Amino acid sequence: MVTTGSRVERKKYEKSKQRSNNRPNKNKNKKSNWRKWLKRLVILFITLFFLALIAGGSLFAYYAMNAPEIKESDLIGQVSSKIYDREGELVKELGGQNRDLMTAEEIPEVLKNAVIAIEDARFYTHKGVDPIRIVGSALANLQAGEITQGGSTITQQLVKLSVFSTDFQDQTLERKAQEAWLALGLEQEFSKDEILTMYLNKMFYSNNTYGAKTAARNFFGKNIQDISLAEAALLAGIPQAPSDYDPYTFPEDAKDRRDLVLSVMLDRNLIGQAEYDETINTSIESMLVPINNNSLTEDDLVIDAYIDIVSQEVQEKMNLNIFTDGVEVYTNLDMDAQVKLFETVNSNTTVIFPDDELQTAVSIIDVETGQLVAVIGGRKQEVAFGLNRANTLQRSIGSTMKPLADYGPAFEYLNYSTGTTIVDEPYSFSDGSTLNNYDFLYEGDMTLREALSSSRNIPALKLLQEVGLDNAYAFLQKMDINIINDNYKDLVESNAIGGEMTPVQLSAAYATIANYGEYNTPYTVSRVITAAGTVQEFTPTPREAMKDSTAYMLVDILKDVPGTFASAAQIEGLYHAGKTGTTNYTESELAQLGLDSSTYAAPDGWYAGISPKYSIATWVGYDNRNEAGNYLTLDETRIPQQIYAEMMAYMMKDLPNNDWTMPDSLVEVEIEKYSEPLQLPGPYTPAEIRSKELFIKGTEPTQQSLYYGRYINPPSWFDANYNEETKSIVAEWGALTDSGTFELSLNGTVVYTGTGTTFSMPAEADGEYILRLRIIDGNSSSDTLVVTLTLTTTSEESDSSDSESSDLPPDETDSSTEVPNESQSSDDTPPVESTPPG
């Protein structure tokens, strides 16, 4: 039995227990508080969610109430785009005026499956808006960090193409809400097949072709109902990027896109493995028929290349398609210059091409603004939006690279002068490969001016090595030039004499030189007005790509090229400059053409020329350079110069003929060429060794050269007589009054050197004897005295000799100072660069 003590003790125990039971439990209170806050947060979240839902629904309803009305004519009709030149004149209207409208019953099942597979897999199950697609594309875009997928259904795309702009800036929440609302309405009014039909009728398929039915006829020569799986997959893939997937211009890219469509169809069990395997091996070329160009006019072909660049530019800058989005585009096109350029390369009048297969590409840029004013992407072309070589050509630019990769960086980073000495001598690349000049000769000491204007390869390589590949690459990048070697953006030593660039890029780079080093990205579009009324202006944003001193030194050197080293580029009376460029075949390529090294053959001819107002880059060559007969002769390498001269003279005919102004950062100083270091000429430096050259201010020479020494007085007198008895000529002269020695020559051959004052030489034959006498002392020499004797033996009564000075006393001897003739060269053959092995 357990006892609890007395009654008093029991009461104390019970009160103590009561107090213990009433003491609060801290852990229990904490758990209770957490549950309360969680409940409050859940309630708050639900409340906010429903408020947001209500607000979103209200906003959606508000946007929907203000959605534009969409009519059936909008869905069927094609919204046209208008292209204007720089004067505001309409030059092109783009739309589907010539399309064949397809009915729902005409859509072949194979095309239906292909389009739905690649564009909208749940097209037949959603109600116009696909939440799954929206969420999926949002996640994909978040993962990629950029917009890579769209969430719009085919119905929404039809709405967008009919009443809205596809400009990215116009993709507001309001616009997307209205687009979704109208799509939901369309699904109530039209069947799925009718919506798909209207969508396919609106699509642009490249080559001025709108609508799937028209594309089937133009591309395959078939009725839409007769197309194959391969053809359907191609049509399904093209509209995403018609210019990029043009099957006539870019068949490989078109095949990649078509094969992607086939792959998606296979994954979704719309075709079997056997069909896929058979179809994927079908080439694009085997599917196509010659494009029908009956609707094309010559006006279309004149501006074809320019409109192609406009299309790409608008797409890149605004995510707009000028073929489907109904925009107004105001361009920098100089229509008169464009027509002149088209006629120049196609008419065979002012510039003669040897055949219709020889191609060309020309880019003309306004130097001060970067505006692309005229462009040609090819000649004798008969398809709309064909191959545009002006902005896609990837061929080496030859020696037009030298100012950009070699001489420009040397002036920019090393502060070299145009008179800096460089040696043209046997030389090799760092890997031991031999580099030759175009003439396989070496000229020894040269100034940079002489080396660049005469396009010597070895000095170019030496400069690139001195500057460094990284510095040269950085110099090029400031003009948006990114040379690729082995899939990497970098330079190799062979880039000293060439590198791949488009004519548009080359003209922009030379425009930078002409614009005192200010670079402008070349552009065609000045203003765009979208279908929604949004106006976007485009203006140049110049940046310094090189110092004004660098640019001016290049200009000053390149002024020597037209006429002297590029005979066909000369424009009489115009201030302009330029550079030739040619490329060479390798030995194996020459063998493939059936040629040897003794035959002049070049795959590419270039000329880049500038005035203070315009920059023009011109290329000629064959698309297939390794096919028999597809090479340029020496005369044909001058065609780019001829195109340049024709166009630059035209562009400048009504403009002031201003010269470039030397910037304050430079000084011009006369130097004694090849002195080391560069020095001012001495008083007796020969004229042919003197040259006016440009220096960065503060780096010009101040020391005078003494290489050609001091002034030396000529002999005090000089005479010569014929001695008939000894059959000899006796020459006499005054004695030396200072240091040095006499040098006597007879008919150009030195016959005596020494300090004596007389010399006898045999003269048995009739004829003219020219004697020259001078004093030489080290590198210095006096003026030359000349005596001429004529010997005849035809008459016994006549004097046996006739001397211009023999009867004169010594102090009246007829003497004259000989002035050497400066050698002249009539060879205006343009330089041709050697390509190193490999």
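Helix axes here are lines fitted to C-alpha atoms over the stretch in contact, and angles between them run from 0 to 180 degrees between N-to-C directions. With that in hand, we can look at this predicted model.

Take α6 and α8. Their axes lie 10 Å apart. The angle between α6 and α8 is about 50°. That makes α6 oblique to α8. The reason lies in the cut-offs: angles under 35 degrees count as roughly parallel, and 65 to 115 as roughly perpendicular, so an angle that falls between those ranges is oblique.

Which residues make the contact between α6 and α8? On the α6 side they are Ile-154, Thr-155, Gln-157, Leu-158, Leu-161 and Ser-162. On the α8 side they are Ile-195, Leu-196, Met-198, Tyr-199 and Lys-202. The crossing of α6 past α8 is left-handed.

Now step back along the chain to Ser-152. This residue sits in the loop between α5 (131-144) and α6 (154-163). Is Ser-152 buried or exposed? Its relative accessibility is 9%, so Ser-152 counts as buried. The cut-off for buried is under 20%.

Leaving out residues up to four places away, Ser-152 touches Arg-133, Gln-157, Lys-160, Lys-176 and Glu-179. Gln-157 is a residue we have met already: it is one of the α6 residues in the contact with α8.

## Salt bridges

The structure holds 35 salt bridges. Three of them are set out here.

| Salt bridge | N to O distance |
|---|---|
| Lys-112 and Asp-193 | 3.4 Å |
| Asp-130 and Arg-122 | 2.9 Å |
| Lys-340 and Glu-646 | 2.8 Å |

Start with Lys-112 and Asp-193, whose side chains meet in a salt bridge. This pair links distant parts of the chain, 81 residues apart. Lys-112 belongs to helix α4 (residues 109-119), while Asp-193 belongs to helix α8 (residues 192-202). Lys-112 counts as buried because its relative accessibility is 10%. Asp-193 has a relative accessible area of 25%, so this residue is partly exposed.

Next come Asp-130 and Arg-122, which form a salt bridge. Asp-130 is buried, with a relative accessible area of 3%. Arg-122 is partly exposed, at 32%.

Then there is the salt bridge between Lys-340 and Glu-646. How many residues apart are Lys-340 and Glu-646? They are 306 residues apart, so this pair too links distant parts of the chain. Lys-340 lies in helix α16 (residues 335-346), and Glu-646 in helix α25 (residues 639-652). Lys-340 counts as buried at 19% relative accessibility. Glu-646 counts as partly exposed at 23%.

## A sheet of three strands

Last, the strands. In what order do the 3 strands of the open sheet run? The order is β23-β24-β27, with antiparallel pairing. The edge strands are β23 (718-723) and β27 (758-762), and each of them pairs on one side only. From one strand to the next, the twist averages 20°.

Glu-732 stands opposite Thr-758 in β27.

Note on methods: Residues numbered from 1 in each chain as written. Predicted model: local features only at pLDDT ≥ 70, side-chain atom pairs only at ≥ 80, totals over all residues. Heavy atoms only, no water. Helix = DSSP H or I, 4+ residues; strand = E, 2+ residues; numbered from the N terminus. Buried < 20%, exposed > 50% of the residue type's maximum accessible area, 1.4 Å probe, protein only. Contact = heavy atoms within 4.5 Å. Pairing = 2+ DSSP bridges. Salt bridge = Lys/Arg side-chain N within 4 Å of Asp/Glu carboxyl O. Parallel < 35°, antiparallel > 145°, perpendicular 65-115°, else oblique. Left-handed = near helix turned anticlockwise from the far one by under 90°.
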